[in-house]
Structure formats: C-alpha cells, structure tokens
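Please open the structure in the viewer and keep the selection panel at hand.

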Amino acid sequence: MARTLAMFTDTSLCIGCRACQVACKQWNELGMEVPEWTGTYQNHAHFTDQTYRLVRFVEEPKPTGDLAWLLMSDVCKHCAEAGCLEACPTGAIYRTEFGTVNINPDVCNGCRYCVASCPFGVVAFNESTGTAKKCTFCNDRIHNGLGPACAKACPTDSIQFGFRDDLVTKAQKRVETLKGMGFKDAQLYGADSKGFLGGLNAFFLLLARPSTYNLPDSPKLPQRNVVVDSLFSIGSALVVGLGALLAFRERGKGAGDA
Amino acid sequence: MLKSPEWELMIVWYFFLGGIAGGAYFTAAIADSFGGPRDRAVARVGYLLSLPLTAICGILLVVDLGVPLRFLNMLGKFSFWNPMSIGAWGIGVFGLFTLVSSVLSFSSSARRVVLRQRIGLVGSIFGFFLASYTGVLLGGTAQPFWGDARLMGALFLVSGASTGMAAISLILFLTGGAAGEGFGKVKKADRYSMIFELVILAIFLALLGSAARPLVAGQFAPLFWGGLVGLGLVIPLVLDFVGRRAKVLPAVAAVLVLIGGFVLRYVVLMSVQA
Amino acid sequence: MTTNLIDMQNSDVIMVTSNMAENHPVGFQWVMKAKERGATIIHVDPRFTRTSAAADMHVPLRSGTNIVFFGGLIKYAIDHNLYFKDYVVHYTNASFLIDPGFKTPTELSGVFTGLDDAKRSYDRATWKYQLDAEGNPKRDLTLKDPRSVFQLLRRHYSRYTVEMVERVCGIPRAKFEEVAKTFCGASGPEKTGSITYALNLTQHTNGVQNIRALCMLQILLGNIGRPGGGVVALRGHANVQGATDLMVLYHNLPGYMNWPLRDAHPDLKTYNEKETPKGGYWVNKPKFLVSLLKAWFGDAGTKENDFGYDWLPKRASGDAYSHQHMFVDMYNGVIKGFLADGQNPAVGGPNAKLARAAMQRLDWLVVVDIFLTETAEVWKAPGTNPKDVKTEVFFIPAAPAAEKDGSLTNTMRLIQWHERAVKPPGDVQTDAQFVCTLAHRLQKLYAGSKQARDKGFLAANFTYGPEPDHPDMLLVLKEVNGFATQDLADKDGKPMYRKGQAISTFAHLRDDGSTASGCWIYTGVVNETPDGKIVNKAAGRKPADAADPLAHGWAFAWPANRRIIYNRAAADLAGKPWSEKKKLIWWDPEAPGAAPDKKGKWVGLDVPDFNPFLAPDAKNGDKPFIMRTDLVGAFFGPLADGPFPEHYEPIESPVRNLLSKRQNNPVAKIWKVPDGKNELAPVGSPDYPYVITTYRLTEHHLSGVMSRYLPMLAELHYAHFTEISHELARELGIANGDMVTVSSPRGKIHVKAMVTNRLKPFIVDGKTVHQIGVPWHWGFNGVPGLPGSKGDITNDLSATVGDPTVFIQETKAFVCNVKKGVV
C-alpha cells in the first residue's frame with residue numbers, strides 16, 4: 001500500500017476564480033450543463049454528474065456591518081470511511097492504493113445506493129451512461145506521477161496536493177497562523193484521522209463553522225446502524241411470527257396433519 | 001444538500017410487492033406447519049402468490065438499474081452487512097424457495113408435505129428478509145429521515161405481514177374460499193399484525209422525533225395520516241371487528257390494508273425525494 | 001507596470017484599486033503571498049468583489065471620484081508629514097519653481113491658467129519651470145518657496161479634505177483616515193507600498209489624470225523604483241502590452257515614439273529636432289527611429305532618402321484616429337472599409353449601438369477572428385433587417401494563441417515565448433500568415449506603380465524564412481530585437497557585431513543606418529553567438545531562487561531585462577540602499593568599471609535601470625527617472641488637462657461637483673453624433689438617477705469571444721446580470737432573479753437582477769446615491785445549447801465621450817435607470 005495521497009483545500013487562499021472547476025471539467029472531458037439560477041456567482045448549486053469540483057460562494061454579513069464572502073472549492077472528500085464505498089453492492093466503488101475512492105464505470109450498474117449514502121451529497125447519477133459519477137482524484141494522473149488537475153490549475157495554491165501526513169502537518173501550522181492573524185473561527189475539517197469518517201483524504205481549512213458552508217458539522221458513516229436495524233427487524237419478525245402462530249395453531253391436534 | 005437516489009414508482013412497487021411476497025410466504029409456511037388440514041388452502045394461496053410476485057420484484061429491480069444488463073454484477077460481491085448486496089442474493093434465494101414451495105403445494109403425499117413444511121419454515125427466514133431488508137437499506141443511507149429511522153426494517157416487515165395476509169384473504173374471498181376456517185385464521189393473524197403495526201409505527205415516529213417531519217407534516221401528511229393510518233390500518237381493523245359475520249366487509253378491509261401498505265412505501269420513499 | 005508581479009510579495013501594504021483577484025487571478029497569487037508575510041491589503045472599489053474577500057479592508061467609493069480619493073491621500077500625507085522627504089526633495093520636481101503666472105483650480109474656480117473654453121484646450125505657456133541663467137530649473141530644496149511645486153501641490157489639494165472625501169466619494173471619514181494612516185504610514189526607508197490599477201482608473205474622461213494622481217502619491221511616499229513599491233498597472237489582456245509596445249496605437253511608432261505628423265514633421269531632421277528632448281534617455285530617439293526604419297525598409301532605406309522616412313504615412317495634424325474617432329467617422333461615411341482583426345466592436349467598444357450602425361454603413365468589412373463574432377454578423381444584429389445592410393462582409397477564420405508560435409508580453413513587460421500546441425485546422429491562418437499573405441498580394445498588385453509614396457510599401461519586407469507566406473516567428477522576433485546591417489566595431493575599432501548578428505542592447509543602436517531594430521525597447525530579447533546560434537531569452541524558464549528572487553532567467557522583461565524600473569531610486573544620494581530591508585541595487589565602488597583602469601559599478605538584485613557605471617556623485621548620478629527630460633519624478637506634469645490632477649465629475653453624473661464650479665473636465669472630448677446617437681443626460685437627471693459602472697468577471701473575457709463560445713466557461717454564469725443593492729431592489733420592488741431593464745440615453749438592455757449585500761448605496765453630500773454594476777461580456781451569439789451564453793450588449797448604454805489625451809471612453813462611471821421587468 002503506497003503512502004496515502006490527499007488534497008488540502010485552504011479556503012483562506014481561495015479567490016473564487018474557478019480555474020479548478022474548469023480544469024476538472026476539461027481534464028475529465030465532462031459535458032456541458034445548462035446552469036441554474038442560484039442568485040449568486042455560484043454555478044452549479046451542488047455537485048452533479050458533470051461537475052466534480054465546485055466553487056461555493058457564501059456571503060456572510062457580520063454584526064459589525066462588514067461583509068465576508070467565503071469562497072471554497074468543494075470536492076469529493078475521499079473519506080477514509082466512505083459511505084459510498086460501503087454501500088456499493090457490485091464492488092464498482094473501490095479504494096486505490098493511494099487511499100483515494102474511485103468508481104469503476106465499467107462495473108457500476110446504476111443502483112444509486114451510493115448516491116443515497118454520501119453524507120455530503122457528492123455522488124451523482126448520470127442519466128445517459130446509467131452509472132454513478134464523482135471526482136476520481138484524477139485517477140489517471142496520480143497513476144502517472146501527476147497531481148489532480150484542479151491542484152495544478154489553482155493560481156494561489158489554495159488546493160494543495162501531496163502525501164496526507166505532510167499536508168496535515170502543514171495544515172495544522174496554517175490554522176495557527178490564521179488564528180494569529182485574527183481569523184478566530186479558522187478550523188480544519190476532516191484532517192483528523194481519529195475524527196469523523198476516519199478523516200477525509202480531501203480535507204479543508206475553513207474560516208467559519210462547517211454549517212456556514214452547508215457542510216455537515218459532524219458527518220457519520222450511514223452504515224453504522226445496519227446491525228441495530230437488523231436486530232430490530234429480527235425482533236419484529238419474531239413477534240409477527242408468534243402472532244401468526246397463535247392465529248393458526250390447532251388446539252388439541254398435532255401439527256402437520258395431512 | 002444531499003442527493004436523491006431517484007428510487008421512485010418502480011421501487012415503491014418493488015417494496016410493496018416484495019413485502020406481500022415475503023409476508024404471504026411466511027404466513028403460508030406457518031399455516032402449513034402449525035395449522036390444520038383446513039388451512040391448507042391458505043398455505044397454497046400464500047406459496048403460489050409469492051412466486052409470481054417475487055419474479056415481478058426481480059424484474060422491477062433489474063429494470064430500475066441504470067444499466068440493467070449489468071444486474072449480475074450485484075452478485076460479484078457478497079457483503080454481509082450491506083443490505084443492497086445481500087438483498088440481491090437474498091431475493092434470488094427466496095425466489096428459489098417460492099418456486100419449490102409452490103410446486104410442492106400441489107402435493108398431498110405425506111412425505112412431500114413434511115418436506116414442504118420444513119422447506120417452508122426455512123424459506124420463511126428469507127421471506128422475512130425480503131419483507132424487511134429494504135427498510136434496513138433505507139436506514140443505512142445518509143438521507144434526512146431514512147438514515148434516522150431505526151425501525152424502518154421492523155415496520156416494513158410487519159407491513160409485509162399485514163399486506164401479505166390481507167392479500168391471501170382477498171384471494172380466498174375472490175375464489176370462494178372465504179367460507180373455510182383458514183379465512184378466519186388468516187384474518188385473525190392479519191388483525192394481530194395490524195395492531196402490532198400500529199404499535200411499531202408509533203414507536204417509529206417517537207424515535208424519529210422532528211426528523212419525521214417529511215412524513216407527518218408537509219405535503220405528504222394527508223397521505224400518511226389519511227391513507228396509511230386511517231384507511232390502511234384503523235378503518236380495516238374496525239371493519240374487521242364489525243363485519244365478522246359478513247364476509248364482504250373483511251374483504252373490503254383487506255383491500256384497504258393493501259392500499260395502506262402501498263401508501264406506506266410511497267410516502268416513505270417520495271417524501272424524501274420530492 | 002513599473003515593477004513586477006513577483007515583487008509585490010515584498011510590499012508592506014498593497015492598495016488594490018482594481019478588481020485584481022477576478023481579472024488577474026494568476027498575478028494575484030503574489031498579493032496573497034504578501035498577505036502571508038504580513039502585508040495589509042486594502043481594496044478600493046465601489047463593489048465588494050472576490051478581491052475584497054481576500055483583502056483586509058474594503059473601501060467602497062463612488063465610481064468616478066478617484067482623484068478626490070488620491071488627492072485626499074496626498075493631502076493627508078503632506079499634513080501628517082508621512083511623505084518620504086529625502087526622496088521627494090532629490091528625486092522629484094517638488095523643489096522646482098514654477099512660472100509665477102501659473103495658477104491652480106483652487107484659485108481659478110476649477111481650471112488651470114490658460115483655458116480656452118471655446119476651443120476646449122489649454123495654452124500651457126505658464127506651465128513651466130523658472131530657469132536660471134544656465135537654463136536649468138530653479139529649485140528650493142527646503143520646499144518652502146511658495147512657487148515651488150511642493151507648495152503649489154499643497155495649495156492645489158487643500159480642498160481635498162477628509163470631509164470632502166466623505167462628501168464626494170461616499171467613504172466614511174473614519175474609514176478613509178484608517179486607509180490613509182495605513183497606506184501613507186508604510187513609507188520611508190523601511191517600508192514600501194504598491195498600488196494596482198486597471199480600467200477602473202483608465203476608463204474615465206479623467207483617465208490619464210487618475211493615473212497621474214496615483215503616480216504622484218507613489219513618488220510622494222517614495223515608492224517608485226523600490227522593492228514592494230511601484231505603480232502596478234494591470235493590463236487587461238494577455239498581450240495588450242505587446243500590442244501597444246508594437247504600435248497597435250494610432251499615435252505611436254513601436255517603442256512609444258510619436259507617429260510623425262504631416263505638418264509638424266515634414267522630414268526626418270525636423271522630426272528628430274522636435275521630438276528629441278534635451279535630457280533623459282530619449283536623447284537617443286534618433287537612433288531608435290533610424291533603426292526602426294532600417295528594419296522596415298531594409299537596404300532600400302539609405303542616408304540619402306532619410307532611410308525611407310518619407311514613405312511613412314503621416315497623421316494629419318490635429319486629427320486623432322482613436323477607436324471613438326474612428327466609429328464616428330465611420331458613421332458619418334468618412335471611413336468606407338474596415339478590417340477588424342481579433343476585435344469585436346459590435347460588443348466591446350463604447351456606444352455599441354453606434355458602432356454597429358456605423359459598420360452597417362461600410363462598403364466592406366473584413367473580420368479576422370476565431371469564432372463568428374457579433375461584428376462578423378453585424379448584418380444580422382437584433383433589430384437589423386439584413387436586407388438594409390449593403391456591407392460586403394468577409395470572414396477569415398483565425399488561429400488563437402495555442403495554435404501559433406510566438407510571444408506574449410504581459411503586464412510586467414515580460415516577453416514570454418511559447419510554441420504552438422496544435423496546428424490550426426483546415427484553412428485557418430495565424431495572424432502573421434494573414435498579414436504576410438495580404439502584404440505579398442498587395443505588393444504584387446502594386447508592383448508596377450511608379451508613385452513615390454508606394455516605393456516604401458514595395459520595399460518593405462514581409463518574408464521571414466523560406467516560406468514567404470508562413471513567417472518564422474523567431475526570425476520576426478530577431479528583427480524586432482534588432483541586428484547589425486553591416487559589420488560593426490566600437491570606437492576603438494574592436495569588432496562588436498558581424499553583419500546580420502542580433503544586437504544585445506539598445507545602447508548599441510545607431511542613427512547611421514548600421515543597425516536595424518523593429519522595437520528598441522525589445523532589444524536584448526534575442527542574443528546571437530558569434531557563430532550564429534540564436535538564443536531566445538523570451539523562452540527562458542528558470543524560476544526565481546534565493547540568488548535571483550526576481551527570476552531574470554525566466555523570459556525577458558523590457559527594457560534590458562530590468563524587472564523594476566527606475567530602480568536607482570532604491571538607493572540614496574550616496575548610492576547606498578535606503579535600508580537593508582529594502583535593498584535592490586547599490587553602488588559598489590570597488591567593482592570593475594567601464595574601462596580596465598576604472599572602478600565602480602551599480603550592482604544588486606536587478607539590472608540597473610541606469611548607466612551602470614555612472615557614479616552617484618557624478619553629474620546626474622542622483623537622478624533616477626532617466627526617461628524624463630529633467631530626470632526626476634514629476635509632481636508637476638503638464639498634460640492636456642492640467643499639470644496636477646483635479647477632480648471633475650464624469651460627463652454624466654447624478655450630483656454636482658463639490659470641488660469647484662466646473663462640473664466636468666473642460667477639455668474632455670465630447671462627440672456630436674447625428675441622429676441622436678450620442679445623447680447625454682444632464683447633471684442630476686431624474687430620468688437617469690443611478691450611477692452605473694461596467695466591469696469584467698473572471699469567467700468571461702472582454703466581449704465574450706474567448707469565453708461565451710466555450711461551454712465550460714459559458715456555463716459558469718447563468719446569464720447576463722446586473723448587481724443591485726438590497727436597498728435599491730427594495731425601492732424598486734425587485735427580487736433576486738427578476739428580469740429588469742437598465743436604460744441610458746443611448747439604449748437599454750434586459751438582464752437578470754442579482755440582488756446582493758456586496759453593493760451598498762453611497763451617501764454623497766448627505767444624499768443617497770445608488771450605484772449598480774453590469775458586466776459587459778454578453779452579445780447575441782454564443783453556444784447553441786446554452787441560452788444564457790447570449791445576452792444584451794451592455795455597451796449599448798455607454799456614450800461616445802473621451803479623455804482629452806488618449807480619448808479612452810468613460811465606461812466606468814455614467815448614469816442609468818433601472819425598472820423591474822422587461823420594458
């Protein structure tokens with residue numbers, strides 16, 4: 001197993017230029033999509049089957065009367081514990097030797113369980129291929145000694161690519177620097193491998209609480225309840241079976257009479 | 001900000017028919033093993049009903065896929081704690097049971113009967129599975145109220161029971177078998193199931209709390225309260241008690257239960273994806 | 001820009017007055033790096049943009065009030081003694097004394113001495129220095145003399161108080177004082193600040209004076225020529241710098257020499273006499289001009305025929321052929337034919353309705369472009385019946401940059417070479433191919449001509465390499481660089497160049513026809529070894545490192561690979577850096593000198609923008625501004641509309657000028673166009689009560705030709721929109737997403753309203769003035785599957801008015817009305 005790769009998106013350096021969004025589309029040969037009106041510069045409102053890197057624009061009026069415009073390049077988180085991967089029944093979704101999560105388009109049969117199981121709403125269904133789509137972490141590029149197209153295109157190095165442990169160290173220093181500069185809400189999201197989902201291989205530095213960016217504050221692996229739910233179902237089955245038994249049983253006669 | 005898997009009418013029908021198939025089968029198996037000779041009709045109807053319904057379920061699942069021709073890829077993996085994965089296996093295995101049990105249900109030889117009874121009891125495990133696993137599947141997603149619903153599997157199972165039993169009783173009524181003792185017993189079992197279903201539903205909603213909003217408030221509320229709770233459970237129970245002598249009313253009740261079962265899956269699926 | 005983008009990381013404070021993050025995103029990384037090092041980033045812009053999001057401070061100011069803002073800062077710096085005294089006294093003309101007849105607008109109700117209102121021009125007789133007996137300007141180094149430039153400056157800006165800034169610009173007093181303290185405080189030996197600008201300052205009838213005000217602030221604070229300082233002029237296109245360097249300007253020859261005038265410059269001798277100043281590096285202008293003529297006319301240009309000077313077409317005196325002049329002439333039938341090469345005036349120029357109407361009156365129109373633009377299809381613009389248009393239109397498909405070898409010169413004067421990535425498809429031609437093919441065919445057509453005026457064109461060379469119509473661009477670059485037309489030796493007879501060899505510095509250009517150079521400022525971009533190996537410096541790609549933080553091995557910056565110009569100013573009178581922290585070049589008295597027996601040289605982190613062997617204590621060894629005649633930075637700088645910038649309101653404005661009784665720039669150019677095609681709103685017109693500014697987005701490019709046809713760019717914005725404040729939206733009953741009609745006296749457009757917190761109304765002299773913003777990228781062509789890639793043309797709203805020096809349009813500040821719905 002090679003060293004885990006990661007993308008660290010430092011939103012304090014993002015200028016919202018969308019070079020990442022376009023580079024991703026271009027490299028992956030994703031198709032044109034008619035945009036929707038979001039009322040802001042953002043397009044699209046959320047990830048689609050043809051948009052894997054998406055720049056979010058969040059206006060945050062402050063009590064002082066000033067304005068903050070939070071700019072964030074969002075992407076598939078390539079979770080260490082991935083809801084999509086756990087959900088996939090065909091094995092189409094797999095983890096590469098670099099720790100990234102990829103969907104094999106030749107195996108996927110389009111059941112959409114992964115679409116329902118991503119806590120971030122990343123995976124999307126492509127109507128024309130009938131398969132699920134998401135950021136591949138530029139799988140072809142990382143297997144040829146290159147980094148993802150979005151990281152390459154970013155002019156301010158807001159998106160950084162490298163080995164996860166190196167990037168986490170860098171990110172931790174960066175948060176302290178920003179706090180020192182007065183950004184008291186600066187925080188890492190998904191850097192901690194002991195934190196939620198085992199840590200994200202595409203993790204972020206945010207300048208406000210995750211919910212400000214419409215990210216879940218503490219996402220959980222959706223499959224964590226399968227055992228409990230199954231036990232409840234078994235219990236229900238026992239009760240129902242008992243009820244049917246009571247209704248059908250013959251008193252005074254042996255069971256199984258012909 | 002989550003994405004809908006677009007599991008719509010085809011999947012609603014699948015959940016509904018799968019529940020009936022599973023419920024009808026295990027009812028048949030219990031009638032077969034623990035009931036009397038006059039309950040044979042119940043068993044036969046139950047087994048025979050579950051076969052075509054299971055086949056239809058299989059077809060619905062395959063057609064709903066984005067790439068139906070790759071449905072066999074589902075069998076490329078066997079992840080025990082993945083409802084979608086074992087679901088694919090499970091429905092296949094259950095289908096085999098319904099076929100064998102249906103064939104055997106025409107037999108009266110004692111040895112065949114015993115075999116059938118044993119097979120039926122084993123197959124019931126798969127029947128219970130088919131009726132309930134889709135609820136566990138929903139509970140394992142990230143969706144806003146599905147993912148919070150710990151009793152979804154339990155609810156689907158008891159609904160599978162109530163609709164399966166209602167279906168059997170309706171068929172008996174329509175084929176003139178309503179006069180038999182089996183009809184009364186299956187109706188009794190159905191009543192037990194419906195009462196238990198109301199109990200489970202109440203606990204289900206209580207555990208969900210405000211997460212249940214899409215179901216109990218908003219645009220799907222009339223369907224939920226009126227269609228499922230009212231028409232699908234309370235009224236049939238009343239009709240059943242009132243019309244114990246007149247067979248028509250229990251038959252009407254059975255129809256209502258079936259409608260209620262469809263409405264349950266419909267509102268559960270559509271209220272999150274509308 | 002006077003500095004370079006990489007150097008911006010060395011600024012202690014950066015005042016971004018343009019929308020740099022959105023329009024120069026790659027360059028903006030250096031502003032971010034400055035921020036990492038602790039710089040304060042101030043963004044001055046009527047709108048809160050993506051630049052504001054990255055800045056420490058956003059300062060909204062009403063469009064069109066830049067001179068009040070800069071004047072206020074100049075006054076603040078003077079009043080609070082924050083200016084860099086030594087720098088100002090020795091490196092600028094602050095100490096020079098001015099003719100006693102000269103008066104400023106403070107004394108003359110808003111105008112300078114010598115205004116002829118009827119002619120709309122100034123007689124500048126009094127705008128000059130007092131001279132001593134030797135003819136040198138008189139100076140007062142204490143800066144106290146009331147006729148000193150410094151005291152005149154102080155008197156001129158005495159009206160530009162903090163209160164005035166609040167009343168006119170709409171910047172609350174406390175905020176302005178914070179900006180002033182922060183920016184002006186970052187001056188002196190230990191600190192420097194840089195200021196960026198782009199079209200935000202240029203596209204006004206005060207455009208040139210806006211920039212002058214910025215430059216004056218920078219020399220007041222001692223920021224020019226020093227690390228982390230400078231005037232960061234951000235050009236608006238990847239190669240517009242290259243274009244203007246190589247005379248895509250009606251009034252210039254390559255290298256920014258004036259194009260000859262028919263009456264004023266009848267021959268080469270007269271041109272040289274009138275155009276060559278007595279001081280400064282331009283004393284060498286004759287060498288540059290003759291070398292240029294040799295490049296163009298080759299051996300046909302000789303000493304006997306003034307190297308072909310007579311073959312140059314001359315401008316008729318007093319006429320100007322700016323973009324706006326051209327379209328008014330076109331509309332009036334003076335211009336019959338038009339070649340639009342990579343230009344889309346149907347959308348991109350001011351008063352676009354007039355431009356389209358003008359082009360529809362042409363006899364012929366040739367459009368060379370990469371897509372069928374609105375100009376190429378001007379005959380089917382909305383509202384036009386093609387049957388009414390008699391123009392014959394030719395479309396020549398052209399290759400974009402990636403399909404051509406060549407260089408691009410970016411905003412930091414950096415000439416970067418690139419190889420083509422793919423061949424152009426089918427018949428598509430590169431621009432060079434098109435020009436050379438056309439020229440060769442015309443030369444064939446004119447071959448038999450006996451007319452004197454055709455001799456030059458027939459002699460001109462358009463062949464570079466073995467294929468006449470397919471020029472080898474490296475050979476073109478070598479000619480632009482310059483080469484020896486014969487074997488050359490120095491004054492001691494030592495051989496310098498063999499015939500045909502590339503020249504390595506413009507210092508070696510001569511006025512006797514022995515050198516050729518297509519653009520003197522580019523000399524040095526190509527070197528050639530004695531055995532003929534060409535070294536293309538523009539192709540160098542050595543990144544910056546600790547030894548060379550300014551990356552002299554990465555491409556080539558004109559002039560002479562100097563990365564920060566006027567860098568002599570980074571050292572004091574004795575040649576020592578003003579501070580260790582801000583060292584750039586310095587005088588090393590022990591270094592080997594110009595000759596074996598001499599010692600002393602300027603050394604450091606950049607190529608000196610100075611004679612490298614001129615000692616600081618020698619004559620003019622303390623004068624950094626080598627391109628100016630008097631070798632010092634100019635506070636007093638006579639231009640068409642004044643030697644000091646003075647605030648006038650934009651030609652269309654909702655409010656009266658509070659600085660003086662003069663509403664507008666008295667010499668601004670306002671065209672009269674028939675058929676009501678250039679109506680202007682009177683001051684405070686109730687029909688057009690809102691200020692409108694037009695601007696660009698990151699995702700689109702200029703008139704949209706390079707973005708609206710590309711799905712992955714065009715889909716980034718839903719459709720054409722206008723940004724409106726919540727306050728104005730509430731007044732007009734407009735919700736976010738409603739269609740609205742924006743109108744001006746020239747036209748109207750229908751766009752989607754984006755209601756946002758990022759625009760707020762201004763309080764101007766106690767009254768609310770609303771301002772809206774509209775990007776101008778949209779036109780009636782686009783991507784078939786993306787309806788939002790097409791839209792109304794914003795420039796239908798702007799007017800044909802211009803700055804008096806360069807005639808640039810006033811698209812950054814005029815007036816409009818907004819109504820809900822499509823009306």
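Does Arg453(C) count as buried or exposed? Arg453(C) counts as exposed, because its relative accessibility is 62% and the cut-off for exposed is over 50%. Please bear in mind throughout that this is a predicted model.

**Stop 1**

Asp454(C) is buried, at a relative accessible area of 11%, whereas Arg453(C) is exposed.

**Stop 2: Glu528(C) and Arg498(C)**

Remain in chain C and select Glu528(C) together with Arg498(C). Their side chains form a salt bridge at 2.9 Å, N to O. This pair links distant parts of the chain, 30 residues apart: Glu528(C) belongs to strand E19 (residues 526-528), and Arg498(C) to the loop between strand E17 (495-497) and strand E18 (515-516). Glu528(C) counts as buried at 12% relative accessibility, while Arg498(C), at 30%, counts as partly exposed.

A further selection shows charged residues of two chains together. Salt bridges with shared partners join Arg18(A), Glu22(C), Arg50(C) and Glu699(C) into one network.

**Stop 3: a buried lysine**

Next, select Lys294(C), which is found in helix H13 (residues 285-297) of chain C. Which side chain of opposite charge is nearest to Lys294(C)? The nearest is that of Asp299(C), 4.6 Å away. Lys294(C) is buried, yet has no salt bridge; a salt bridge requires a nitrogen-to-oxygen distance within 4 Å.

To view the surroundings, display the contacts of Lys294(C), leaving aside neighbours within four places in sequence. They are Asp299(C), Gly301(C), Phe307(C), Thr485(C), Gly513(C), Thr515(C) and Ala516(C).

**Stop 4: Glu392(C) in a strand**

Move to Glu392(C), in strand E12 (residues 392-397) of chain C. Glu392(C) is partly exposed, with a relative accessible area of 47%. Apart from neighbours within four places in sequence, Glu392(C) is in contact with Asp363(C), Trp364(C) and Leu365(C).

**Stop 5: chain C as a whole**

Along the principal axes, the C-alpha trace spans about 80 × 70 × 55 Å.

Of the 823 residues, 59% count as buried. The accessible surface of chain C comes to about 31,700 Å², and carbon and sulfur atoms account for 55% of it. Among contacts between residues at least 6 apart in sequence, 69% join residues at least 24 apart. Colouring by charge will show 96 positive and 87 negative charges, whose mean positions are 2 Å apart.

**Stop 6: chain A**

Turn to chain A, with 7 helices and 10 strands. Why is chain A described as more spread out than a compact globule? The radius of gyration of chain A is 23 Å, well over the 18 Å that the globule rule gives for 258 residues. The C-alpha trace of chain A spans about 85 × 45 × 40 Å along its principal axes.

In chain A, 61% of the 258 residues count as buried. Chain A exposes about 10,000 Å², with carbon and sulfur atoms supplying 54%. There are 26 positive and 25 negative side chains in chain A, and the centres of the two sets lie 3 Å apart.

**Stop 7: chain B and the arrangement of the chains**

Select Lys185(B) and Asp39(B), whose side chains meet in a salt bridge at 2.9 Å, N to O. This pair also links distant parts of its chain, 146 residues apart: Lys185(B) is in helix H6 (residues 181-208), and Asp39(B) is in the loop between helix H1 (9-34) and helix H2 (40-64). Lys185(B) is buried at a relative accessible area of 8%, and Asp39(B) is buried at 1%.

Finally, show every chain. Two pairs of chains touch, and the most contacts are between chains A and B. Chains B and C do not touch, and their nearest C-alpha atoms are 20 Å apart. Over all chains, the count comes to 52 salt bridges.

Technical notes. Residues numbered from 1 in each chain as written. Chains lettered and ligands numbered in written order. Heavy atoms only, no water. Helix = DSSP H or I, 4+ residues; strand = E, 2+ residues; numbered from the N terminus. Rg over C-alpha atoms; globule rule 2.2 N^0.38 Å. Buried < 20%, exposed > 50% of the residue type's maximum accessible area, 1.4 Å probe, protein only. Areas by Shrake-Rupley, 256 points an atom, 1.4 Å probe, with all protein chains shown as cover. Lys, Arg positive; Asp, Glu negative; His and termini not counted. Charge placed at Lys NZ, Arg CZ, Asp CG, Glu CD. Contact = heavy atoms within 4.5 Å.
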